[in-house]
Amino acid sequence: MDADGGVELEIPAHAEFLSLVRAVVATAAALDPRLGDERIEDLRLAVSEATTNAIESHAQLGSEERIAIRCDLGEDRIEVEVQDQGEGFDPDSLSPMPPPTDPERLEYEHGLGLPLMRVLADETRIRTGADGTAVSLVVYTTPRGRS
Amino acid sequence: MFLGLTTSSRAPWTVLHVRGEIDMASAPQLRQEVVRVIDRGDHDLVLDLTEVAFCDSTGIGVVVAAVKRARTAGGDVRVVCVNERLREMFAITRLDRVFDLFDLVDEAVAGAVPGAETREAG
């Protein structure tokens, strides 16, 4: 934990480290007694999704660079940022899923992570460019409307 | 991280019991077992996720792949899941309308004979 009340870790871009990231984020979030178990689970899953995407983006490049995860405990929120050094992507270019009744729906095994993050977190911000992507996931510690 | 994977027979269904956390690290193990079971001819598969403590979208993707593979082979997949979080994920992704969810293995293997049921449209 750093002087600002945050937690930082850097992991190799390997799937074996996902469970460590989940454990660290859940432990940090549990430091705030206002956050219930359900919201901690929301954050844990959302961070797992963001970190999975980061690992995949490094794998596509064959990059051995590390992925940075920073967890900040604020007055009214917990914010986790997952920063990779992949090629970036256009979040608006993702094609929508076919409806459940369409047989083509079973062709979509991927692409569920970002929609899940947007539902699970109160705020999801994505900054992406040629030098990488940073996904910020915010969960409020006090009741507030989701954006 | 390794998953606990065991199979049992509830003819005509084969039940694949999954235990542990399904993510990018463990999903390939589950995918491999699903492929092995379906490709040996057990096309009617119950995925028992009762003891799955965590599952992210990578795991959901394996379930989708299992359904596709089983239906292509003329069978089907039923999913047993009591974890509220996991059920919520199936609802968010609307996959609860693509395949059937059950609370118990006994409920999943009961009822209509595989291939004879009619799925509601819409």
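## Close-up views of a predicted two-chain model

**View 1. Contact of helices α1(A) and α2(A).** In this predicted model, A:Leu18, A:Val21, A:Arg22, A:Val25, A:Ala26 and A:Ala29 of α1(A) come into contact with A:Ile40, A:Leu43, A:Arg44, A:Val47, A:Ser48, A:Thr51 and A:Thr52 of α2(A). By class, the residues of this contact divide into eight nonpolar, three polar and two charged. Helix α1 of chain A spans residues 18-29 and helix α2 of chain A spans residues 37-61, and the two pack at an angle of about 145° with their axes 9 Å apart. The crossing in which α1(A) passes α2(A) is right-handed.

View 2. Is A:Leu18 buried or exposed? A:Leu18 has 25 other C-beta atoms within 10 Å and is therefore buried, the cut-off for a buried residue being 20 or more. Leaving aside neighbours within four places in sequence, A:Leu18 is in contact with A:Ser48, A:Thr51 and A:Thr52 of chain A, and also with B:Asp23, B:Met24 and B:Ala25 of chain B. A:Leu120 lies 102 residues from A:Leu18 along the chain, and the C-alpha atoms of the two are separated by 18 Å.

**View 3. The side of chain A that touches chain B.** The contact between the chains takes 20 residues from chain A and 23 residues from chain B. On the side of chain A, the elements that give two or more residues are α1, α2 and α3, and the largest share, six residues, comes from α2(A). The residues on this side of chain A divide into nine nonpolar, six polar and five charged.

**View 4. The buried side of helix α3(A) and what covers it.** Which residues of α3(A) are buried? They are A:Gly113, A:Leu116, A:Met117 and A:Leu120, and these lie on the same side of α3(A) because they cover an arc of only 100° around the axis. An α-helix has 3.6 residues a turn, so residues three or four places apart point the same way. The cover over the buried residues of α3(A) includes α2, β4 (123-129) and β5 (132-140) of chain A, together with α2 and α3 of chain B.

View 5. Just after α3(B) comes B:Arg94, which is found in the loop between α3 and β5 of chain B. Phi of B:Arg94 is near 65°, a positive value in a residue other than glycine. Most residues other than glycine have a negative phi. B:Arg94 counts as partly exposed because it has 14 C-beta neighbours inside 10 Å.

**View 6. A:Leu137 in the largest nonpolar core.** This core holds 70 residues, of which A:Leu137 and B:Leu47 touch the most other members. Not counting residues up to four places away in sequence, A:Leu137 touches A:Leu43, A:Ala46, A:Val47, A:Ala50, A:Val80, A:Met117, A:Ala121 and A:Thr124. Among these partners of A:Leu137 is A:Met117, which is also one of the buried residues of α3(A).

**View 7. A:Ser57 in helix α2 of chain A**. A:Ser57 is buried, with 21 other C-beta atoms within 10 Å. Residues up to four places away in sequence aside, A:Ser57 touches A:Asp84, A:Gly86, A:Glu87 and A:Thr133.

View 8. Chain B has four helices and five strands, and from the N terminus on its elements run β-β-α-β-α-β-α-β-α. Of the 122 residues in chain B, 45% are buried. Among contacts in chain B between residues at least 6 apart in sequence, 68% join residues at least 24 apart. Where does B:Pro12 lie? Its place is in the loop between β1 (4-10) and β2 (13-22) of chain B, and the peptide bond from B:Ala11 to B:Pro12 is cis, with omega near 5°. Most peptide bonds are trans.

How values were computed. Residues are numbered from 1 along each chain as its sequence is written. Chains are lettered from A and ligands numbered from 1 in the order in which they are written. This is a predicted model: local features need pLDDT of at least 70, side-chain atom pairs count only at pLDDT 80 or more; totals for chains, interfaces and linings use all residues. A nonpolar core is a set of buried Ala, Val, Leu, Ile, Met, Phe, Trp, Tyr and Cys residues joined through C-beta atoms within 7 Å. A residue is buried if 20 or more other C-beta atoms lie within 10 Å of its own, exposed if 12 or fewer, and partly exposed in between; C-beta atoms are placed from the backbone. Two residues are in contact if their C-beta atoms, placed from the backbone, lie within 7 Å. Axes are lines fitted to C-alpha atoms, for helices over the stretch in contact, and angles run from 0 to 180 degrees between N-to-C directions. A crossing is left-handed if the near helix is turned anticlockwise from the far one by less than a right angle, and right-handed if clockwise. Ala, Val, Leu, Ile, Met, Phe, Trp, Tyr, Cys and Pro count as nonpolar, Asp, Glu, Lys and Arg as charged, and the others, Gly among them, as polar. The arc is that of the directions from the helix axis to the C-beta atoms.
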